[in-house]
Amino acid sequence: MNANNYSVGYASAILAGKPQAQLVNSSTPKRIKRMTAEALSRMESELSRLQQAITSIQDTYGQDHLRLTVLRGYLAKLVGDTKIANIWRGY
């Protein structure tokens, strides 16, 4: 399959998800079969919320990953420590 071939359904989904302001002719309303203007508006707002959530996750991903890596190393060191292991065996 050629990477430059898109189905009508795929292209329609991309069009449906784009905010009106991002279209070349933003003054002409989108028309998609079997989709009301209200449904398109709800889809646009949901996609906007998802994009904000993804951006938030991306902003903290590196820092979170570093913290988890350091914590993992610390816990591995604790579990491998015989003094601590002996304390846990007493319980």
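1. A salt bridge is taken here as a side-chain nitrogen of Lys or Arg lying within 4 Å of a carboxyl oxygen of Asp or Glu. Arg-42 and Glu-38 meet that criterion, since their closest N and O atoms are 2.9 Å apart and the cut-off is 4 Å. The model in which this pair occurs is a predicted one.

2. The setting of this first pair may be described further. Arg-42 and Glu-38 both belong to helix α2, which covers residues 37-80, and they are four residues apart, about one turn of the helix. Both Arg-42 and Glu-38 are exposed.

3. How many salt bridges does a search of the whole structure find? The search finds two. Besides the pair already described, the side chains of Arg-49 and Glu-46 meet in a salt bridge, with 2.6 Å from N to O. Arg-49 and Glu-46 also lie in helix α2, three residues apart, about one turn of the helix. Arg-49 is partly exposed, at a relative accessible area of 47%. Glu-46 likewise counts as partly exposed, with a relative accessibility of 36%.

4. On confidence, the mean pLDDT of the chain is 83, and 96% of its residues reach 70 or more. Within the chain, confidence is highest in α2, at a mean of 89, and lowest in α3, at 78.

5. A nonpolar patch on the surface is formed by Leu-68, Leu-71, Tyr-74 and Leu-75, which together have about 420 Å² of accessible area. One of these residues, Leu-71, lies in helix α2. The relative accessible area of Leu-71 is 42%, so Leu-71 is partly exposed.

6. The structure holds one aromatic pair. Its members are Tyr-6 and Tyr-10, whose ring centres are 5.4 Å apart; because their planes stand at 15°, the pair is stacked. Under the cut-off applied, planes under 30 degrees apart count as stacked. Tyr-6 is exposed, with a relative accessible area of 55%, whereas Tyr-10 is partly exposed, at 45%.

7. Is helix α3 largely buried or in the open? Helix α3 comprises eight residues, 82-89, and the number of them that are buried is zero, so the helix lies largely in the open.

8. Within helix α3 one finds Ala-85. How far apart in space are Ala-85 and Leu-50? Their C-alpha atoms are 45 Å apart, while in sequence the two residues are 35 residues apart.

9. The loop between α1 (8-17) and α2 contains Arg-34. Arg-34 is exposed, its relative accessible area being 85%. Arg-34 and Gln-22 are separated by 22 Å in space, C-alpha to C-alpha, and are twelve residues apart in sequence.

Technical notes
Residues numbered from 1 in each chain as written. Predicted model: local features only at pLDDT ≥ 70, side-chain atom pairs only at ≥ 80, totals over all residues. Heavy atoms only, no water. Phe/Tyr/Trp six-rings, centres within 6.5 Å; stacked < 30°, edge-to-face > 60°. Buried < 20%, exposed > 50% of the residue type's maximum accessible area, 1.4 Å probe, protein only. Helix = DSSP H or I, 4+ residues; strand = E, 2+ residues; numbered from the N terminus. Patch = residues over 30% accessible without salt bridge, like charges linked within 9 Å, V, L, I, M, F, W, Y side chains within 5 Å. Areas by Shrake-Rupley, 256 points an atom, 1.4 Å probe, with all protein chains shown as cover. pLDDT = per-residue confidence, 0-100.
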